[in-house]
Amino acid sequence: VLLFRPPYGSRDNTLDQLVSKNNMKMVMWNSDPEDWNHNNSKRILDYIIGTQSSGSIILLHESKETLEALPLIIEFLLSQQLEISSLL
(Lines give C-alpha, C1' and ligand atoms only; values in the text may rest on other atoms or scores of the structure.)
Protein backbone atom coordinates (compact mmCIF):
# COMPACT_ATOMS: atom_id res chain seq x y z
CA VAL A 1 0.00 0.00 0.00
CA LEU A 2 1.50 3.29 -1.09
CA LEU A 3 -1.41 5.68 -0.67
CA PHE A 4 -3.68 6.01 2.33
CA ARG A 5 -6.93 7.97 2.64
CA PRO A 6 -8.01 8.28 6.24
CA PRO A 7 -11.70 7.48 6.67
CA TYR A 8 -13.73 10.68 6.98
CA GLY A 9 -10.46 12.62 6.63
CA SER A 10 -9.86 12.04 10.33
CA ARG A 11 -6.22 12.10 11.36
CA ASP A 12 -3.98 12.86 14.29
CA ASN A 13 -0.25 12.81 15.10
CA THR A 14 -0.27 9.07 15.78
CA LEU A 15 -1.77 8.33 12.38
CA ASP A 16 0.60 10.74 10.64
CA GLN A 17 3.59 8.99 12.25
CA LEU A 18 2.26 5.53 11.38
CA VAL A 19 1.75 6.48 7.73
CA SER A 20 5.25 7.96 7.57
CA LYS A 21 6.84 4.97 9.34
CA ASN A 22 5.31 2.65 6.73
CA ASN A 23 6.57 4.78 3.82
CA MET A 24 3.06 5.62 2.71
CA LYS A 25 1.62 8.90 1.52
CA MET A 26 -1.59 10.26 2.98
CA VAL A 27 -3.98 11.58 0.37
CA MET A 28 -6.73 14.02 1.23
CA TRP A 29 -9.31 15.63 -1.06
CA ASN A 30 -10.76 19.05 -1.61
CA SER A 31 -13.92 18.16 -3.52
CA ASP A 32 -16.58 15.90 -2.03
CA PRO A 33 -19.79 15.29 -3.99
CA GLU A 34 -20.98 13.07 -1.12
CA ASP A 35 -21.64 10.28 -3.60
CA TRP A 36 -22.06 7.87 -0.67
CA ASN A 37 -25.13 9.86 0.32
CA HIS A 38 -26.85 9.90 -3.09
CA ASN A 39 -28.59 7.18 -5.00
CA ASN A 40 -28.66 9.31 -8.12
CA SER A 41 -25.75 9.51 -10.57
CA LYS A 42 -27.04 12.82 -11.99
CA ARG A 43 -26.66 14.54 -8.60
CA ILE A 44 -23.04 13.37 -8.43
CA LEU A 45 -22.34 14.72 -11.92
CA ASP A 46 -24.19 17.98 -11.19
CA TYR A 47 -21.96 18.57 -8.15
CA ILE A 48 -18.82 18.18 -10.27
CA ILE A 49 -20.20 20.47 -12.97
CA GLY A 50 -21.08 23.10 -10.38
CA THR A 51 -17.65 23.28 -8.76
CA GLN A 52 -14.20 24.47 -9.77
CA SER A 53 -12.42 21.21 -10.58
CA SER A 54 -9.03 22.49 -11.72
CA GLY A 55 -6.41 21.20 -9.30
CA SER A 56 -8.94 19.23 -7.31
CA ILE A 57 -8.79 15.78 -5.83
CA ILE A 58 -12.37 14.57 -6.07
CA LEU A 59 -13.45 12.04 -3.47
CA LEU A 60 -15.51 9.23 -5.01
CA HIS A 61 -16.60 5.89 -3.60
CA GLU A 62 -17.32 2.59 -5.29
CA SER A 63 -21.06 2.50 -5.80
CA LYS A 64 -23.41 1.74 -8.65
CA GLU A 65 -24.37 5.41 -8.95
CA THR A 66 -20.76 6.64 -8.95
CA LEU A 67 -19.78 4.08 -11.57
CA GLU A 68 -22.69 5.24 -13.73
CA ALA A 69 -21.62 8.87 -13.34
CA LEU A 70 -17.90 8.31 -13.84
CA PRO A 71 -17.79 8.25 -17.67
CA LEU A 72 -19.82 11.48 -17.72
CA ILE A 73 -17.58 13.05 -15.07
CA ILE A 74 -14.49 12.17 -17.10
CA GLU A 75 -16.09 13.50 -20.29
CA PHE A 76 -16.99 16.76 -18.54
CA LEU A 77 -13.51 17.25 -17.04
CA LEU A 78 -11.85 16.61 -20.39
CA SER A 79 -14.26 19.05 -22.09
CA GLN A 80 -12.99 21.67 -19.62
CA GLN A 81 -9.44 21.07 -20.92
CA LEU A 82 -8.49 19.48 -17.59
CA GLU A 83 -5.95 16.69 -17.34
CA ILE A 84 -6.80 13.68 -15.21
CA SER A 85 -3.68 12.61 -13.36
CA SER A 86 -2.67 9.55 -11.39
CA LEU A 87 -1.50 10.05 -7.82
CA LEU A 88 1.25 7.49 -8.33
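Select Asp46 and Lys42 to begin: being four residues apart in helix α2 (residues 41-49), they are separated by about one helical turn, and they form a salt bridge whose closest N and O atoms are 2.9 Å apart. A salt bridge here is a side-chain nitrogen of Lys or Arg within 4 Å of a carboxyl oxygen of Asp or Glu. Asp46 is partly exposed, with a relative accessible area of 37%; buried means under 20% relative accessible area, exposed over 50%, and partly exposed in between, with a 1.4 Å probe and protein chains only. Helices (H or I, at least four residues) and strands (E, at least two) are DSSP runs, numbered from the N terminus.

Before moving on, note that this is a predicted model, in which local features need pLDDT of at least 70 and side-chain atom pairs count only at pLDDT 80 or more, while totals for chains, interfaces and linings use all residues. Residues are numbered from 1 along each chain as its sequence is written, and side-chain values use heavy atoms, with hydrogens and water left out.

Next, select Glu68 and Lys64, both in helix α3 (residues 64-79) and again four residues apart, about one turn of the helix. They form a salt bridge with the closest N and O atoms 2.8 Å apart; Glu68 is partly exposed at 40% relative accessible area, whereas Lys64, at 57%, counts as exposed.

Ile84 lies in the segment after α3 and, at 47% relative accessibility, counts as partly exposed.

Now go to helix α1 (residues 13-21), where Asp12 caps the N-terminal end, a side-chain oxygen lying 3.2 Å from the backbone nitrogen of Thr14. Just after α1, select Asn23, which takes a positive phi of about 55°. Then show Asp16 with Arg11, a salt bridge with its closest N and O atoms 3.0 Å apart; Asp16 is partly exposed at 24% relative accessible area, and Arg11 is partly exposed at 46%. In total, the structure holds three salt bridges.

Leaving aside neighbours within four places in sequence, Met28 is in contact (heavy atoms within 4.5 Å) with Pro6, Gly9, Arg11 and Ile57. The C-alpha atoms of Met28 and Gly9 are separated by 6.7 Å, although these residues are 19 apart along the chain.

Finally, clear the selection and view the whole chain, which has three helices and two strands in the order β-α-β-α-α. Colour by pLDDT, the predictor's confidence in each residue from 0 to 100: the chain averages 94, and 100% of the residues score at least 70. Buried residues make up 22% of the 88 residues, and the accessible surface comes to about 6600 Å², of which 52% belongs to carbon and sulfur atoms.

Key
A polar contact is a pair of N or O atoms within 3.5 Å; within protein, one must be able to donate a hydrogen and the other to accept it, and residues adjacent in sequence count only if both atoms are side-chain atoms. Accessible areas come from the Shrake-Rupley method with a 1.4 Å probe; for residues, only the protein chains shown count as cover.
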